[in-house]
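I opened my notebook to record what I looked up in this structure, one topic at a time. The sequence and the structure come first, so that each entry can be followed by eye.

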Amino acid sequence: MTAHDELRLLPWAGPDGKPCYLSTDDRGGYVSRLADHIEAFQLGMASQLLEHSDQVLDDETEDPEELSLLAAQLTSALSDVLRVATSRGRTPVGPGHP
């Protein structure tokens, strides 16, 4: 087992939105590999969403529904990216992140 300070933050939330952690020395275990794949997927989706947002903003759309959807998707993707960064030991700094 790993020490408490070596717990891995997993890329999904548990009941009530609480963070999930993995305690293992086996980086090749099933849950570790699953978390790696989900993190890679989340980062890829964030990259694609960023490209899409550039296109939407370049079109100078004035459709409030499209902009609202884009903002919600970007917020979700940013949350995923921050969770991945935290999990990988790059603790975000700024408001809400000591």
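My entries below go from the whole chain to single residues.

**Entry 1: ground rules.** I noted that this is a predicted model, in which local features need pLDDT of at least 70 and side-chain atom pairs count only at pLDDT 80 or more, while totals for chains, interfaces and linings use all residues. I also noted that residues are numbered from 1 along each chain as its sequence is written, and that side-chain values use heavy atoms, with hydrogens and water left out.

**Entry 2: the overall fold.** I looked up the helices and strands, which are DSSP runs numbered from the N terminus (helices are H or I with at least four residues, strands are E with at least two). The protein chain has two helices and two strands, and along the sequence they come in the pattern β-β-α-α. I then looked up burial, where buried means under 20% relative accessible area, exposed means over 50%, and partly exposed lies in between (1.4 Å probe, protein chains only). Of the 98 residues in the protein chain, 22% are buried. For the surface I used accessible areas from the Shrake-Rupley method with a 1.4 Å probe, where for residues only the protein chains shown count as cover. The protein chain exposes about 7200 Å², and carbon and sulfur atoms supply 56% of it. Next came contacts, meaning heavy atoms within 4.5 Å; among those between residues at least 6 apart in sequence, 45% join residues at least 24 apart.

**Entry 3: the two strands.** I checked the pairing of β1 and β2, for which DSSP must find at least two bridges between the strands. β1 and β2 pair in the antiparallel sense over three bridges, and A13 stands opposite P19 in β2. The hairpin of β1 and β2 has five residues between the strands. D16 lies in the loop between β1 and β2 (19–22), and its phi is near 65°, a positive value in a residue other than glycine. I wrote beside this that most residues other than glycine have a negative phi. At 76% relative accessibility, D16 counts as exposed. L7 and S23 are 16 residues apart in sequence, and their C-alpha atoms are 5.1 Å apart in space.

**Entry 4: the salt bridges.** How many salt bridges does the structure hold? I counted a salt bridge where a side-chain nitrogen of Lys or Arg is within 4 Å of a carboxyl oxygen of Asp or Glu, and the structure holds three. In one of them R8 pairs with D36, the closest N and O atoms being 2.8 Å apart. R8 lies in strand β1 (residues 8–13) and D36 in helix α1 (residues 30–58), so the pair ties together parts that are 28 residues apart in sequence. R8 counts as buried at 17% relative accessibility, whereas D36 is partly exposed at 37%.

R8 also meets E39 in a salt bridge (3.2 Å, N to O). Because R8 is in strand β1 and E39 in helix α1, this pair ties together parts that are 31 residues apart in sequence. E39 in turn forms a salt bridge with R88 (3.3 Å, N to O), and that pair links helix α1 with the segment after α2 (64–87), 49 residues apart. E39 is buried, with a relative accessible area of 2%, while R88 counts as partly exposed at 44%.

**Entry 5: around R8.** Which residues are in contact with R8, leaving aside its neighbours within four places in sequence? I listed C20, Y21, L22, S32, A35, D36, E39 and S87.

**Entry 6: a nonpolar patch.** I finished with Y30, V31 and L34, which form a nonpolar patch on the surface, with about 280 Å² of accessible area together. Such a patch is made of residues with over 30% relative accessible area and no salt bridge, with nonpolar side chains (Val, Leu, Ile, Met, Phe, Trp, Tyr) joined within 5 Å and, for charged patches, like charges joined within 9 Å. V31 lies in helix α1 and is partly exposed, with a relative accessible area of 33%.
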